[in-house]
Amino acid sequence: MGDSPDNSDGLPWEPGAGDAPEDNAPSAAELEDAGQGSMFGAAEAEPVAPPATEVPPAKETPDVALTVPSEPLVEPTAPDPAQPYRVLARKYRPQTFSELIGQEPMVRTLANAIARDRLAHAFLMTGVRGVGKTSTARLIAKALNCVGPDGKGGPTIDPCGVCEPCTAIAEGRHIDVIEMDAASHTGVDDVREIIEAVRYSAVSARYKIYIIDEVHMLSRNAFNALLKTLEEPPAHVKFLFATTEVDKLPVTVLSRTQRFDLRRIPAELLKEHFAEICRKEGVEAEDEALAIVANAAEGSVRDGLSILDQAIAHADMGADEGSDSTVTAERVQSMLGLADKGAQRRLLGHLLEGEARPLLAGVDEQYALGVEPLAMMRALMDIVHRITVSQVSGGEPDAPSAEERAELAAWAEAIPAGRLHRLWQLLLKGHEEVRQAPDPLVSARMALLRTLHANDLPDPGRLAQIIADAAANAPSAPTTTGSEGTAEAPAAKSIDWRDLVAKLEDAGQHLAASTMKLQIRPIAIESELLRFSRDARYKDDIGPQLREALLAATGERWQIEQAPEGGAPSLVEQEQQAAADAQREAREHPMVKAAFAAFPDAELLEETQTPSPRRDWRREA
Ligand SMILES: [Zn+2]
């Protein structure tokens with residue numbers, strides 16, 4: 001283990017670091033943390049410090065039990081200026097499973113496994129960063145190796161915290177609990193060291209425990225080397241793997257481990273946890289401030305505690321300047337660079353009301369306060385999302401303050417779902433643009449104005465209704481009887497002509513019917529009289545043929561008169577004309593006209609035709 005890093009992290013309480021260990025001895029949590037990052041080769045670590053003095057009194061309950069006194073290791077302390085500042089995430093690292101918040105299902109499973117003596121030889125802890133994977137691994141190490149206050153106990157879900165293995169593990173100095181960060185020990189050689197060491201039994205503990213953090217970082221060869229050991233591990237060895245990216249683990253490893261998925265901790269639970277810590281720390285904090293911290297933590301206790309640390313420091317700074325030291329929502333917001341929620345809602349209000357000038361003023365004001373344009377877009381999207389979710393669920397909107405909830409609920413009530421979705425799309429597009437724009441502020445202003453204007457437009461459903469209404473009310477489509485001049489063309493009688501031709505066809509007079517369709521331009525169709533003209537190219541006399549056919553079809557003797565010119569176009573000519581007019585007719589269609597009325601600037605482009613000459617569609621027949 002020649003590559004084991006030096007265990008001295010320069011922590012102030014370490015012997016030789018200069019500080020005389022005063023009466024406020026470091027907590028077990030701090031000492032435990034001293035072992036962090038030095039894990040590979042921790043066996044060579046020097047003894048760090050005497051055991052913590054702040055542990056609760058020994059308990060006589062070594063058996064498996066989930067109900068443990070929730071007394072923290074660290075008692076509530078009044079702020080003591082002489083005390084070195086302790087990072088909350090270290091100070092409140094869970095020392096018992098009951099302090100591990102939000103992971104009850106996992107703890108229950110583990111308790112059952114311990115109670116029934118059905119422990120896997122390899123565990124895998126998965127979850128996002130800061131949910132407590134490493135803490136859990138150490139707790140399991142304690143649970144497996146605890147001997148109880150009397151030294152006679154067995155594995156327990158409720159490690160005593162006072163026996164030698166418990167304290168040594170908490171301080172990160174137990175010779176049989178070896179931690180390794182796979183992120184910095186990815187190679188096969190690192191794993192070989194483990195495999196070599198696995199053969200030797202534990203020095204003092206019940207189990208020899210290997211905690212491998214970020215195990216997905218191991219190389220393929222390293223995994224392969226490890227696999228043989230995982231297949232047949234000695235009975236005294238347990239592996240505890242932790243990873244944020246379980247997808248990257250070979251299935252061969254997954255199949256040989258008992259997997260625990262650590263959950264993202266709900267904001268509500270985090271908030272309670274932080275409130276409890278503030279109480280213990282003697283820190284005043286507004287409820288909404290804690291809610292903001294919990295939301296910003298995104299499910300991670302560790303991240304949340306870091307933010308809380310900063311927030312307390314900020315508040316203390318404020319106190320130095322004469323104001324109250326309460327952790328307020330306002331302070332947390334400004335510290336996190338979060339936009340003022342009220343201002344965001346006002347922006348959205350302007351958007352929805354179509355108030356362009358106040359909207360721009362609001363954007364500028366936010367920008368002047370240091371809110372990035374991208375953050376503005378995101379905040380607006382966030383509000384729209386909350387409104388939509390609230391509308392769908394019918395429940396109260398998810399927001400920290402009552403005022404915000406009321407406002408979002410009112411919007412959820414008032415804004416149609418379609419409009420919300422359109423708003424989201426517009427903001428999302430704007431967000432993309434702002435992200436890529438050389439000048440994000442300009443881009444944000446333009447994107448928001450576009451959103452505002454587009455918001456005025458009817459939504460697609462409403463638009464369809466408008467168009468349908470317009471079409472219904474429009475005068476009927478112009479009947480095109482052709483462009484060939486037909487001064488006295490009896491348009492009304494052409495329908496009869498059509499009927500007459502159909503009658504001949506029905507009667508089997510196909511030849512005459514086809515002649516009538518092709519050649520005859522009817523001028524007058526009266527009772528037993530047909531006057532018509534024909535194109536000059538038709539020279540033959542069709543009178544006898546027509547008379548015969550009409551008699552056969554109608555049983556009447558028709559008088560046939562051919563005039564030199566005039567008459568409506570023949571049926572075939574009408575069809576050709578109709579086809580030629582089809583495109584123009586389409587353009588003149590009331591639906592299309594209504595669409596143009598809704599979008600005056602729109603242009604009609606045809607698929608089969610280039611758009612030039614422009615406005616061609618306006619050409620009248
Ligand atoms: Zn113990």
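A crossing of two helices is left-handed if the near helix is turned anticlockwise from the far one by less than a right angle, and right-handed if clockwise. The exercises below use a predicted model, in which local features need pLDDT of at least 70, side-chain atom pairs count only at pLDDT 80 or more, and totals for chains, interfaces and linings use all residues. Residues are numbered from 1 along each chain as its sequence is written.

**Exercise 1. Describe how helix 15 and helix 17 pack.**

Step 1. Locate the elements. Helices (H or I, at least four residues) and strands (E, at least two) are DSSP runs, numbered from the N terminus. Helix 15 covers residues 373-393 and helix 17 covers residues 417-436.

Step 2. Take the axes, which are lines fitted to C-alpha atoms, for helices over the stretch in contact, with angles from 0 to 180 degrees between N-to-C directions. The two axes come within 9 Å and cross at roughly 160 degrees.

Step 3. Classify the angle. Under 35 degrees counts as roughly parallel, over 145 as roughly antiparallel, 65 to 115 as roughly perpendicular and the rest as oblique. Helix 15 is therefore roughly antiparallel to helix 17.

Step 4. Helix 15 and helix 17 cross in a left-handed way. Two residues are in contact if their C-beta atoms, placed from the backbone, lie within 7 Å. Among those making the contact are L380, M381 and V384 of helix 15 and L423, W424 and L427 of helix 17.

**Exercise 2. Is H385 buried or exposed, or in between?**

Step 1. H385 lies in helix 15.

Step 2. Recall the cut-offs: a residue is buried if 20 or more other C-beta atoms, placed from the backbone, lie within 10 Å of its own, exposed if 12 or fewer, and partly exposed in between.

Step 3. H385 has 14 C-beta neighbours inside 10 Å, so H385 is partly exposed.

Step 4. For a distance, take L423, which is 38 residues from H385 along the chain; their C-alpha atoms are 9.9 Å apart. In the protein, buried residues make up 35% of the 621 residues.

**Exercise 3. Repeat the analysis for helix 6 and helix 7.**

Step 1. The axes of helix 6 (residues 188-198) and helix 7 (residues 220-231) come within 8 Å, crossing at roughly 15 degrees.

Step 2. By that angle, helix 6 is roughly parallel to helix 7.

Step 3. Helix 6 passes helix 7 in a left-handed crossing. Residues in the contact include V191 and I195 of helix 6 and A222 and L226 of helix 7.

**Exercise 4. Where is the pLDDT under 50?**

Step 1. pLDDT is the predictor's confidence in each residue, from 0 to 100. Its mean over the protein is 77, and 75% of the residues reach 70 or more.

Step 2. The pLDDT is below 50 over residues 1-82, and under 50 over residues 608-621.

Step 3. Where pLDDT is low, the predicted coordinates should not be read in detail.
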